[in-house]
Amino acid sequence: MSFNRRQFTAGAGLIVLSAGLPRPAIAQAAAKVVIIGGGPGGATVANQIKSADPAIEVTLIEPKEAFTSCFYSNLFIGGFRSFASITHTYDGLVRRGIRVVHDTATVVDTAGKTISLSKGAKVPYDRLVLAPGIDIKYDSIQRYSKEAAEIMPHAWQAGPQTVLLKEKLLTMSDGGVVVMAIPGNPYRCPPGPYERACMIAHFLKTRKPKSKLILFDAKTTFSKQPVFEEAFAEYYKDIIEVNLTNEIDDYAVVKVDPSTGDVTTKSGRTERAAVANIIPAQKAGGIAAMAGCTEGDWCVINAENFSSVKVKDVYVVGDAAIASDMPKSAYAAASQGTVVASDIVADLTSKPRTPGKYRNTCWSMLAPENSAKIGADYTAGIKDGKPHLDPHDSFVSKAGESAELRRETYNESAAWYESFTNTLFAKDVQATAGKVQ
Ligand SMILES: Cc1cc2nc3c(=O)[nH]c(=O)nc-3n(C[C@H](O)[C@H](O)[C@H](O)COP(=O)(O)OP(=O)(O)OC[C@H]3O[C@@H](n4cnc5c(N)ncnc54)[C@H](O)[C@@H]3O)c2cc1C
């Protein structure tokens, strides 16, 4: 069950209705935390604050009724997962007692400490957490746009875009060329494009064996490169063509033509794609800029607790934040969310504050039952006068690992996905206490 606007209005004392009316003392005393965005960052903060102190009013604002994860969406494209298995409702969070409001935050008034929603409601907060993920920078590629993405999907925000890319692969003729445009750093999920290349190539190998996949990459190097290059050569030798930007050729995609399927690089090479998967540059979800938290494309945060450097009583977690060496990943977003939740609880109650511990692991599927991983722990500090997250105890899969080790890593990854999404969407919370009245 999700929390509709009428229930929300009755239960949370929206400004609209409560103005001028005396409120019960307990309602006045309850601290209000509002979280914008119900992905790994936002859902973690909501869950952990409500679990730590049920007296805190926690409101999660998220337009989607169900969350489709980008993580593991490449496995759907490769044919290893169903769409249903990567889509999760917010029912568990509602059962936990979190007010889940399915709407879009349009305005953040940081002076008045209220959020305006697209359907007209206003929500007050004591502490605000921005977890809006990314927006696509459509204008970073000539003739790419929201409309063009319906023909040349990015599928870098999961949901209808993911389904569209899969449909295009299913319906293309055998012998057609698939072209992927891969952006420069920083972007969501550094190894994600190369896992996607493996999954598309696996699909082509098994379903359209005369087809090819061309990668145009705006970078010279990429995450887990030796492992991916080994997989490209071992499993997808005559399928994948990799074009990394180098001193002679700049393979950054600068122009597309959705009417013909043409994809053009900076150095002037044009390929006509049967399916074009265009992944442009990205920036923090728009509401973060609206709230005044961005510097350039991303939000500056204090590394020890992910509070905004720019706006008081506001935190930013997940992909929208500049987390220095910490990559934009679901694992990282949840790790940051844990620190933010504990900081807010300490701030609003008199519970002790514990220093933040950050961690990340990213798995990538290369071929059936063959996955690689990369990860590290991070310590908050300052470098060159700026907030910094310093990596240590890092690890990465190596080229030449045994099939057995890769199978173990694959199984570890599958187990992570299940337990991570179970926790994130509070699937174990029974329909008992904490339910919205
Ligand atoms: C192909 C691919 C594969 C990936 N694989 C992995 C992986 O294996 N492991 C891993 O850890 N990570 C992976 N990632 C990265 C991971 O998906 C992201 O890093 C993660 O989702 C970021 O979480 P977030 O909470 O910051 O943002 P999101 O997950 O994007 O959630 C943000 C939410 O905010 C909502 N929102 C935005 N604006 C508003 C607003 N104004 N009002 C209300 N709500 C709003 C959105 O609807 C969205 O649901 C992958 C990404 C891709 C694209």
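Let's start with threonine 264, which stands opposite threonine 270 in strand S16. Strand S15 and strand S16 (residues 270-272) pair in the antiparallel sense over three bridges. Two terms there need explaining. Strands are DSSP runs of E with at least two residues, helices are runs of H or I with at least four, and both are numbered from the N terminus. Two strands pair if DSSP finds at least two bridges between them.

A quick word on what you are looking at. This is a predicted model, in which local features need pLDDT of at least 70 and side-chain atom pairs count only at pLDDT 80 or more, while totals for chains, interfaces and linings use all residues. Residues are numbered from 1 along each chain as its sequence is written, and side-chain values use heavy atoms, with hydrogens and water left out.

Back to S15. On its other pairing, strand S14 (residues 253-257) is joined to S15 by four bridges, and the two run antiparallel. Here valine 256 stands opposite valine 263 in S15.

Now, which way do the residues of strand S15 (residues 262-265) point? Asp262 and Thr264 point one way, Val263 and Thr265 point the other way, and all are buried. Buried means under 20% relative accessible area; exposed is over 50%, and partly exposed is in between, using a 1.4 Å probe and protein chains only.

Next, another sheet. Three strands form an open sheet in the order S6-S7-S8, with antiparallel pairing. Its edge strands are S6 (105-109) and S8 (122-124), each pairing on one side only. Neighbouring strands of this sheet are turned by 20° against each other on average, direction ignored; for angles like this, axes are lines fitted to C-alpha atoms, for helices over the stretch in contact, and the angles run from 0 to 180 degrees between N-to-C directions. Strand S7 (residues 114-117) is joined to S8 by three bridges, and serine 116 has lysine 122 in S8 as its bridge partner.

On to the helices. Helix H4 (residues 40-52) has 13 residues and reaches 18 Å from its first C-alpha to its last, close to the 18 Å expected. The expected span is 1.5 Å times one less than the number of residues. In H4, 10 of the 13 residues are buried, so this helix is largely enclosed by the rest of the structure. Among the buried ones are Pro40, Val45 and Ile49.

H8 (residues 192-207) is where you find leucine 204. Leucine 204 is buried, with a relative accessible area of 0%. How far is leucine 204 from glycine 175 in space? They are 9.4 Å apart, C-alpha to C-alpha, although 29 residues apart in sequence. H8 itself is mostly covered, with 13 of its 16 residues buried.

Helix H11 (residues 330-348) has 19 residues that should span 27 Å, and its end C-alpha atoms are 26 Å apart, which agrees. Since 15 of the 19 residues of H11 are buried, this helix too is largely enclosed by the rest of the structure. At its start, a side-chain oxygen of serine 329 reaches to within 3.4 Å of the backbone nitrogen of tyrosine 331. That is a polar contact: a pair of N or O atoms within 3.5 Å where, within protein, one must be able to donate a hydrogen and the other to accept it, and residues adjacent in sequence count only if both atoms are side-chain atoms.

Now the ligand. How many residues surround the ligand? There are 35, and the closest are Glu62, Ala105, Arg188, Asp319 and Ala330; a residue counts as near if one of its heavy atoms lies within 4 Å. A backbone N or O atom of alanine 105 lies 2.9 Å from a ligand nitrogen. A polar backbone atom of alanine 330 is 2.9 Å from a ligand oxygen. For lysine 64, a polar side-chain atom lies 3.1 Å from an oxygen atom of the ligand.

Last, the cysteines. A search of the whole structure finds zero disulfides, a disulfide being a pair of cysteine sulfur atoms within 2.5 Å. For cysteine 293, the nearest cysteine sulfur is that of cysteine 299, 5.4 Å away. Cysteine 293 counts as buried, at 0% relative accessibility.
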